Amino acid sequence: MSKTTLTTQQALGSGVIIEAVHSMTGAESIAPDHMGRACVPAQGYVPQTAAQVDPALMHQVQTLLFRQAAMLDAKCWADWMALFTDDGVYWMPSNPDQTDWASQPSIFAEDPLLMEVRMGRLQHPNAWSQAANWSTNHIVGNVMIEHIEKDALEVYSRFHMMELRRDNVRHFAGSYRHSLVRVGSDWKIKLQRVDMSNAQGAYDYVIQAWV
Amino acid sequence: MTALDLDHLVQPDRVHRSVYTDQALFDLEMENMFEKTWVYCGHESQVKAVGDYHTLHIGRQPMVMVRDRDQSIRVLYNRCPHRGVQLCGTHSGNTGSGFVCPYHAWSFHLNGQVRAIPLAKGYDGTRMKLDDPQASMVPAARVDSYRGFVFASLSPEGPSLQEFLGEAKVAFDDMCDRSPVGEVEVVPVCHRVVQHSNWKFFMENQLDALHPSVTHQSTGVSARRIEERVKKNQGSAPLYFHYLSTFASSFDQWDSVQTVNFPYGHGILKAYMGLRPTDPDTVEYEGLLKKAYGEEKAEEYLSRSIHHVLIYPYLSVQSPLQQLRCLRPIAPDKTLSEIWHFRLKGAPEAIYRRALWYFNLVNSPATMINADDLENWTRGQWGLQSKGGEWVSFHRNMGGDTETNGVAYSNNGTSEVVMRNQFKAWQAYIRPAVQPAVSVA
C-alpha cells in the first residue's frame, strides 16, 4: 500500500457520480440482448371462461368439487372413487406442460382399478406408514367453468392441501382441471387432472393418498 | 477413532449402531467413500447440447456436469474461484458458451478455465494470476463414462472406473443391451424423495429379500386381489399389477432368490418377476433384438437373471425396467434419492410403457411401495439412536454362502451376506483414514 498524507476529510471532499448507462459487465454473455427469459415460454395453464354460466349449474359443480375434497379429508375412499366414471382417471402430471396421462411420467396415473389397489393398501391393517397420525385438509376455490356442452363440462379450480403426518406439517397446492360428464342427473369425473405447484420439488417422505 | 475401534464397530456378523447415527462417522464416510470413489453424475443424454448442464452433489461437494464445446463432458466444482458463489443456480439448464458468476461477472469456459475477469488490471501485482489454476473453476480429479453413464471421482488416485465397477457393470450392459442399438436415453423427469434415515438403510434394503413380503404386504395383497379378479373376468391382467403383487410372495419364495455379492460392496438381486410375456409387443421387440444381435446373443441379453444391481455405496439400477436411483446423503439421518428412468433407443413404444408404468407405480413420489420402506427406515433410525441395544445383527445364514474368486453367492435369498459384504467394503474405505499406512524405511 502506498503511503500518502491524504485524510479522510480530504477523501470525502471529492467523488464521481455513477450514471446508469448501457455498459457491458461481462454478465451479458449469457444473453447479450438482456432478453433471455422473455423467450422462455410461459408455464402452466390460464383458464378460459365459458360465455355464460347458469348459477344453478355453478352451484352443482362447486358442490361436487368441495365434496370430493371433503371425502379425501374424511378418508371416505370408496365414496370418493364413486365420483368417477367407470373409465375415469386420476392424473397428477410431473410437469404442467404434459398433455397425455398414459405416455409421460406422472406422480399419479390411476384408473379405477389402480385406485382400488391404493384404497386396499390404505385400509390394510399392515400398511405400516398408516400407523402414524395422518390427516389432510383441502381448501378448493377459484372455481371456473371453462367449457359447457350438453353432457360434458370442463372445470378449473385451485386447491391448497395441508397434511399432518406424525408431528410434521406439509403443504401441497396447485390447480385442478376436471372433465365432468353427465350420468343421469349427476355429474361424474372422467378426468381429474391435478397440477401441483410443488410437483417437482423434493418430497420429504412420499404422498400416500390422492391430493 | 483408531483401527481397533473400527474393528469393534464393524464386526463380521454385526455392526455397532453408531455407524448409522454418528456425525463424525458420517463425515468420515463423506470424505473417504463418497468424495474419493467413482460417483454417478448422470447420463450423457442429460447434457446433449453444448452448454447443457446438470448439478449434483458428490458427497458434500456441489458439482456441475456440463457438455463442453469439444463435445466432452466436464464435471466441475460449482463454485466461483473469486468469492465462492455457486455458478449454476438450478438443477439443469443451458449456460451458453460459458459460466458467468452472478456476483461479480467472472466468466469461465465450459472446461472451467477462466475466460474474463472484470477490470482485470485490479489484479496487477497481486498473487491472483489468470494462468493460475486458482483463478479457474476446479475440475473433478477424474471423469469417465461407461456406456453413456458418467461418473466422476474427486480423488486422483484409486481404481479406474472399470475396475471399480467390476462385474457390477452388467447394470449398464443389461440396460443398454436391451436396446436394439445398444443405447438408452434419459427421460428428463427426476423425482427426488428425502428419507429420514441413514443412506445404508436404502442400500441394505435393496437386496434384502426378507423384507418385501412384510414391509409391502398391504400393497402386495391389495394388488394381488385386484389382479386375480381382472384375470378371472378378462383372462389376463396388465403386467403392471404384477409389479406390485409380487411383493406379496411367501418367505420361502424369497429365500429361493439368489443374491450375488461383489467386491467394493456391489451386488445383484436376481430376477423374480418373469418379465417375458408372449404378447405381440414382446414378440416384435424380441425379434428386433434377434435381428440386431443374432439369436444367441439376444437370448443371452433377454434371459439375464437380474432384478436389480447395486453399485455401492449409492446406486441402485433396475436394468430390465430401465430404472435408476441414486443416493445423495445429506446427514446421518437424512438422505436424498434421485430417481430416473430411461428409454431403450430403437425399442417399440409398448416396451417403453413397461418402464413408464414401473416408474409411475413404484418409483414416483406417490409410490405405494416406498411409502412403507421409508416409514420402516425412519423407525429404524430412531431405534438405532436409542440405548436399548448396541448392535445391528447380520447373522442370518452366516457361513452358509458360497464364495468364489471374491464373489459371494447366497444359497438362501434372505442371507444377510448382502450387509456383511457391504460392510466389508465400508471397512476397506474407512480403514486407511483411521490407520495411516506405516512407511517402511
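In which sense do β7(A) and strand β14 (residues 191-195) of chain B pair? They pair in the parallel sense, over two bridges; strands pair if DSSP finds at least two bridges between them. This is a predicted model, where local features need pLDDT of at least 70, side-chain atom pairs count only at pLDDT 80 or more, and totals for chains, interfaces and linings use all residues. Residues are numbered from 1 along each chain as its sequence is written, while chains are lettered from A and ligands numbered from 1 in the order in which they are written.

**Where the chains meet**
- Chain A puts 29 residues into the contact and chain B puts in 39 (residues are in contact if their C-beta atoms, placed from the backbone, lie within 7 Å).
- On the chain A side, β2 (106-110), α4 (112-123) and β7 (203-204) each give two or more residues, and α4(A) has the largest share, with six.
- Helices (H or I, at least four residues) and strands (E, at least two) are DSSP runs, numbered from the N terminus.
- Over in β14(B), Val194(B) is the bridge partner of Asp204(A).

**The cores**
- The largest nonpolar core has 143 residues, of which Met63(B), Met65(B) and Ile311(B) touch the most other members.
- A nonpolar core is a set of buried Ala, Val, Leu, Ile, Met, Phe, Trp, Tyr and Cys residues joined through C-beta atoms within 7 Å; buried takes 20 or more other C-beta atoms within 10 Å of a residue's own, placed from the backbone.
- Helix α15 (residues 417-434) of chain B supplies the largest share of this core, eight residues.
- A second, separate core has twelve residues, including Val61(A) and Tyr156(A).

Notes: Two residues are in contact if their C-beta atoms, placed from the backbone, lie within 7 Å.
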